[in-house]
Amino acid sequence: MEQQIEPQGLPALKLIVGEAKAEVRSPALLDLREVRVTEFLQARSLAANTEKAYRRELKKFLGWSDRPWAEITPRHLAQYKAHLKQQGLSPNSINRALAGLMSFFDWFRTAYPEQMLHVPTTAVELERVPLPPAQDLSEVQVAALYLVVEERGAISKRDQAVLSVLAHGLRVDEVVRLNVGDFDGIRLTIRQAKDDSTGTVPLARQARDHLVDYLGERQSQQGELEPETPLFLSYGRNRRQQRLGYQGIYYLVKKLGQRAAHIAQEILNGQEGPGEEWQTWSAAQLQQILELEQVHPHQLRHTFATGLLLRGMESLHARTLTRHRSEASFKRYAKRVLMSSAEQAFYRAIDEEPPS
């Protein structure tokens, strides 16, 4: 009878089929990733809003991935970009997220070259976004803002000066940071700005006069002003005599726009305006003023840039005054001017006056 011999050797392996568990990272490792984010934000001279946006976007990425920064590859970033698309984010929102990561990894590669040989974001492309139109104001809209400033009573000189400075292309954050010593009677010196776009901005006579009047009024009340004194002060109940902040400037422009729109609506309804200037505007111009209901301070920067080009200034010189670091971001103003010039050429070609 044949004897069955058991096979000798290692025991059989028992395979257990189940779900793969997610890799668990130690809390210390996760904390180190956040430390790098803090280091990055401290190392870069970012505007407050930019720093806030970068922190938010990097925090979102850390919530999506548990890998150390040094292990992130282009494939991971491509997957993250796909994830953002699946979330229904707009191209602009996706680009903001990627911009934060690009800036971070550029810094990380420089700060820790031994940990990262290649920047993973170089292989990831931004979403294509149509060039946004310039949101410049018309001459009649700007004139209406200056008219309603005169109704501001005791603070009208400050508000005139703020409006004039904004109308020279300064960002709100830049206006907030201005000190008395930054105005030399001719120009303003921008010492802190977005993307380190510092520089000087010459002022037109009207703006110079508004600033001189405002500072003269303050000197008569406070005596000699030190160079490091804030250029613009708040008159709010809780911030009186403190530096006028971002919200204060934003609120000021919004209030001016809403007041101008209210007056325009009254005139369109058959009521008399508060002054003769208001009566000289046509119904079409008053309709333009109605749009000031939604005005925001940055539109004055758009108006400044577009106005320079419409007056024939070379693009390079205009971009120097607006301190745009990127030529691509300045193209919106050139496009607006090109369309305006083409329209004027059209009416000349057909021998008609352009409609007002």
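The model is predicted; local features need pLDDT of at least 70, side-chain atom pairs count only at pLDDT 80 or more, and totals for chains, interfaces and linings use all residues. Residues are numbered from 1 along each chain as its sequence is written, and side-chain values use heavy atoms, with hydrogens and water left out.

The protein chain is split into domain 1 (32-115) and domain 2 (139-306). These bounds come from an automatic or database domain assignment. The centres of domain 1 and domain 2, taken over C-alpha atoms, are 37 Å apart.

Helix α6 spans residues 156-166 and helix α9 spans residues 246-268. Helices (H or I, at least four residues) and strands (E, at least two) are DSSP runs, numbered from the N terminus. The axes of α6 and α9 come within 11 Å and cross at roughly 95°. That makes α6 roughly perpendicular to α9. Axes are lines fitted to C-alpha atoms, for helices over the stretch in contact, and angles run from 0 to 180 degrees between N-to-C directions. Angles under 35 degrees count as roughly parallel, over 145 as roughly antiparallel, 65 to 115 as roughly perpendicular and the rest as oblique.

On the α6 side, Asp159, Val162, Leu163 and Leu166 take part in the contact. Their partners in α9 are Ile249, Leu252, Val253 and Leu256. Contact means heavy atoms within 4.5 Å. By class, the contact of α6 with α9 has 7 nonpolar, no polar and 1 charged residues. Here Ala, Val, Leu, Ile, Met, Phe, Trp, Tyr, Cys and Pro count as nonpolar, Asp, Glu, Lys and Arg as charged, and the others, Gly among them, as polar.

Gln160 also lies in helix α6. At 17% relative accessibility, Gln160 counts as buried. Buried means under 20% relative accessible area, exposed over 50%, partly exposed in between (1.4 Å probe, protein chains only). Leaving aside neighbours within four places in sequence, Gln160 touches Tyr146, Val149, Glu150 and His210. Gln160 and Asp213 are 53 residues apart in sequence; their C-alpha atoms are 9.6 Å apart in space.

The structure holds 19 aromatic pairs. Rings of Phe, Tyr and Trp (its six-membered ring) pair if their centres lie within 6.5 Å; planes under 30 degrees apart count as stacked, over 60 as edge-to-face and the rest as tilted. Phe108 and Tyr112 form a tilted pair, with ring centres 5.4 Å apart and planes at 35°. Both Phe108 and Tyr112 are buried. Trp278 and Trp281 pair edge-to-face, at 5.2 Å centre to centre and 85° between the planes. Trp278 is buried at a relative accessible area of 3%. Trp281 is buried at 16%. One aromatic cluster includes Phe40, Tyr54, Phe61, Trp64, Trp69 and Tyr80.

Leu98 is found in helix α4 (residues 91-111). The relative accessible area of Leu98 is 3%, and the residue is buried. Not counting residues up to four places away in sequence, Leu98 touches Lys81, Val124, Glu125 and Leu126. Leu98 and Ser341 are 243 residues apart along the chain, and their C-alpha atoms are separated by 36 Å.

Asn179 sits in the loop between α7 (172-177) and β1 (187-190). Asn179 is buried at 12% relative accessibility. Beyond residues up to four places away in sequence, Asn179 touches Pro227, Glu228, Thr229, Pro230, Leu231 and Arg243.
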